[in-house]
Amino acid sequence: MMHEQQPPPSVPAGFRPVGEGRIREVVGLGLSDLVPGRVIEHRPARTVTEAEHVQVLALMGNEAPIHSDTEYCRRTGHPQVLVCGMLTLNIVLGMTVRSTSGMTTGNLALDEVRWTKPVHVGDTLSAQSTVLSARRSNSRPDQGIVTCRVDGFNQSGELVVTGTRAFLVPADPTAVRNATGY
């Protein structure tokens with residue numbers, strides 16, 4: 001009885017073959033993947049914890065009572081302390097990195113940042129990036145300059161933070177992946 005040769009298993013989306021029976025996760029997109037108008041939904045979502053809220057306040061030296069004094073918040077019309085806006089922004093931007101700029105060689109700008117709704121400990125944040133522009137860099141032809149609008153939402157789908165971000169990505173991501181092991 002002859003055994004039929006099985007075709008090699010297909011490589012799942014988001015991975016690339018790196019050897020016999022081995023695949024590697026793809027990190028970051030290249031210039032040709034970041035098409036203006038494309039919307040990228042980032043996952044997983046993240047729930048803001050009390051521990052990270054308190055740690056960020058301590059690290060930043062932020063002593064504003066709106067972030068740490070529940071009685072002050074209650075007396076000023078807030079049912080609970082507000083998460084520091086910089087923590088909210090950091091969580092949302094952090095969610096975008098793996099897919100959009102995982103292979104960046106530099107961030108160029110963060111503009112027009114607006115916090116639109118309060119965030120509280122226990123809120124779950126999600127993010128999306130909308131590619132606004134993408135072009136090859138004049139001074140670094142092996143790189144592309146990408147600008148995205150980044151929006152962060154709470155668990156109710158309400159916009160809590162928005163802004164634009166510009167960063168460098170490789171024009172040829174395959175060459176960078178092969179050269180770096182990514």
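What volume does the largest cavity have? About 40 Å³. Hi everyone, let me walk you through it.

This is a predicted model, where local features need pLDDT of at least 70, side-chain atom pairs count only at pLDDT 80 or more, and totals for chains, interfaces and linings use all residues. Residues are numbered from 1 along each chain as its sequence is written, and side-chain values use heavy atoms, with hydrogens and water left out.

A cavity here is a set of points, on a 1 Å grid over the protein atoms alone, where a 1.4 Å probe fits but cannot get out; its volume is the space filled by probe spheres set on the points, which are joined across faces, edges and corners. Searching the whole structure turns up one cavity of 30 Å³ or more. Its lining, meaning residues with an atom within 4 Å of a point, includes Leu89, Val92 and Thr162. Helix 3 (85-100) and strand 7 (159-170) each give at least two lining residues.

Now to helix 1, residues 50-60; helices are DSSP runs of H or I with at least four residues, and strands are E runs of at least two, numbered from the N terminus. Glu52, His53, Val56 and Leu57 are buried there, that is, under 20% relative accessible area with a 1.4 Å probe and protein chains only. They share one side of helix 1 because they cover an arc of only 135° around the axis, taken from the directions from the axis to the C-beta atoms. Gln55, Ala58 and Leu59, on the other side, are exposed, or over 50%.

The buried residues of helix 1 pack against strand 3 (39-47) and helix 3, with contact meaning heavy atoms within 4.5 Å.

Terms used. 1 Å grid on protein atoms, 1.4 Å probe; cavity = no way out; pocket = protein on both sides within 12 Å on 5 of 7 lines; lining within 4 Å.
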